[in-house]
Amino acid sequence: KFLGPNFTASYCWPPVARGCDVVAISYQGNDPFLYIPPVLTFLQLGSCYKALPNRNGPLALILCPGWKKAQLVFELLKTYERCSRQLHPMLIILGQNKEAARSVKIRGCEVIVTTPYSLLRLFEHHSLLFCRLCHLVLDEVEVLFSDATEQVFTILDCYKKAIVPEEWEYSPHQIIAVGTRWNKHVAHLIKEFMNDPYIVITAVEEASIYGNVQQVVQPCTNSDRTTVLLKTLDFTHNNLQKVLVFTNSVDEAEMVHKALKSNSIFSLKMHKESEFNLKYILEQWTKKCSSGTRVVLVLTDDCLQSLGITDATCVIHFSFPSPRIFGQRLHSMSDNFCKVIKDSSVDQEYTKARSVILLTENCACHALGILRYLQHAEAEFPPELYDFSAKMLEAEEDKKFSRPLCTHLKTFGICKNRTVCPDRHQINLQTDVPQNIPDRITQMPGCVTILPLYIVNATNYFGRIVDKQKDQYTILAEEINEYFKKPSNKISVKNVEKLAFYGLCEKTLFHRVQVVEISPKEEGNFFNVKIKYIDEGRTSQVQSYQLLHLPAKFQSLPPQAVEFIVCRVKPIDNEIEWNPKVTHYINHKIKGKLHEAKIVHTLGNTAWVDPMVGIKLLPDLKMSVNEYNVRSEILSMGLGTDNPEHLIQLQKL
């Protein structure tokens, strides 16, 4: 069912399949198909590996930035190795339990998929891991370098040392790095560990960083743009012979062209209404440059493609670009991108290409995306720009004010992807007032009995707070089930309404549910409905005919589901999601069982608990004992670690 390689893969596959070192930076740089088919193709050539020592060890090692990506890559390998010889791939994700690493058997395995941290734990007990390794793949290389810089370079050093020249003369040794962003660590990887690599960059903005384009930001008011433009053009520089000034309208292009002309600066103009034809513009562009004088072309973005200019030495963004247009504008200088990798310490004076952005008070629409890019490009920012950037971030956050509070923020106290996360990262006093949590608990937090019923992950659950004296929900549940035992009371709902409450039979029990979403696609007289179990917290899809009329007396008790979060523990290795092994274990351990918990914080419908302990009832002695501590159980698996900043970060909000 594979239709063929995409644009970037078309450039990557041939050098990878020939065994060359390859770096690929692309908007699709997180797609494993950039390397899986050609690596599998190369691994078919058994004769290439005959000179290797006859020991146990993989031929290929794929390093992924986390367990989730590693799982995806492993599944793809399992699918596509059916078309090839048996490679016996292994997915290895190890926690901090040394016994688990010691017990791993890699006999006969030719491809290992893992993470940097897991690999180094494995290497402690399998010292010959690199003795047959020919292909090292770095998947999402920029994430690997940001989250595990030291570990990745340790692995690269081990790989480099394992390649003894005499033994490896007739064997392949290849490093493949794919990602979405170029950075200084990738430059170091190429210089220190690769041999004449193919470098494929299909994201123009990233190519400009690789090409050492100087990015300059000029803050100014909208009314001062022309003055700043003239000063910029007055900047004498040998390389700045071909200048493009980008505007966003015909009127603006005319105004800029007129201003340049009145200041005795020779310039051309190009827009959809201009009298100059394409041939004349290109002739002048070439002619003026060859005589050694500077040529300035004022144009609108819609003319760029037809002109096909790639040899500009400077672009000036008179009108602020959108991220998409920004890349197209930079492409007009691509002939002058440096082709030799330079250290970040290289003096910008030696760069051939320059990009100047005029940043005004009217640039709010696309400013944040461009500013993030400029920070990534390590552009020099004037001091006032930091204030502008902070205000922009604040404005972006304000737009999310009606969104739910970020799950990562709640669960771990921090959100690593705040700039792209769609959810809120500040407190909304209207929506974050405690809900479904008894007043006596919020006013004086203390120990409560909780019943987890729906396990989201290892530290995040939905369930109920149980009143030991007289639990209102237990009484209500008995009454609802007694009511629906009579067939005459099971009345199917004809007109389903969003957010309305209904009854639902599941096996032998009846639940209160709320309609969250009604599917527009009807199948006969019935249609799908997304519902939420208001006393348990989980959601589900059901058919409309399954919903039952729920009498008002059963709706008076507020929804009982509360979200519980266990504090001060997070996944190891900078992961942002819990490994399914931990979640599965905790689910089996706690679901549907009574626990004692101390509520240390509440917001909205969420209660943070520390500790949360499983209790065991001893009916003969009329007492209960603490059986286990949930946080300690997570830590004992070796896949979780201490998170002392959790509550502190929440309280800062």
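Reply: UniProt positions are given here in the numbering used for this chain, with feature names shortened, and such annotations may be inferred rather than shown by experiment. The model is predicted, so local features need pLDDT of at least 70 and side-chain atom pairs count only at pLDDT 80 or more, while totals for chains, interfaces and linings use all residues. Residues are numbered from 1 along each chain as its sequence is written, and side-chain values use heavy atoms, leaving out hydrogens and water.

An unreviewed UniProt entry places the feature "zinc finger region: C3H1-type" at residues 400-428. This stretch is 21% helix and 0% strand, and its end C-alpha atoms are 10 Å apart. Helices (H or I, at least four residues) and strands (E, at least two) are DSSP runs, numbered from the N terminus.

Now to the pairs. Side chains of opposite charge can pair when their charged atoms come close. A salt bridge is a side-chain nitrogen of Lys or Arg within 4 Å of a carboxyl oxygen of Asp or Glu. The whole structure holds 25 salt bridges.

One of them joins K242 and D311, at 2.4 Å from N to O. K242 is in strand β9 (residues 242-247) and D311 in the loop between α14 (304-307) and β12 (314-317), so the pair links distant parts of the chain, 69 residues apart. For accessibility, buried means under 20% relative accessible area, exposed over 50%, and partly exposed in between (1.4 Å probe, protein chains only). K242 counts as buried because its relative accessibility is 6%, whereas D311, at 26%, counts as partly exposed.

A salt bridge also forms between R512 and D535, at 2.8 Å from N to O. R512 belongs to strand β17 (residues 509-523), and D535 to the loop between β18 (526-533) and β19 (539-543); the two are 23 residues apart. Both R512 and D535 are buried.

D610 and R568 meet at 2.6 Å, N to O, in another salt bridge. Because D610 lies in strand β24 (residues 606-618) and R568 in the loop between β21 (562-566) and β22 (569-571), this pair ties together parts 42 residues apart in sequence. D610 is buried, at 16% relative accessibility, and R568 is partly exposed, at 30%.

Finally, a network of salt bridges links K69, D139 and E140.
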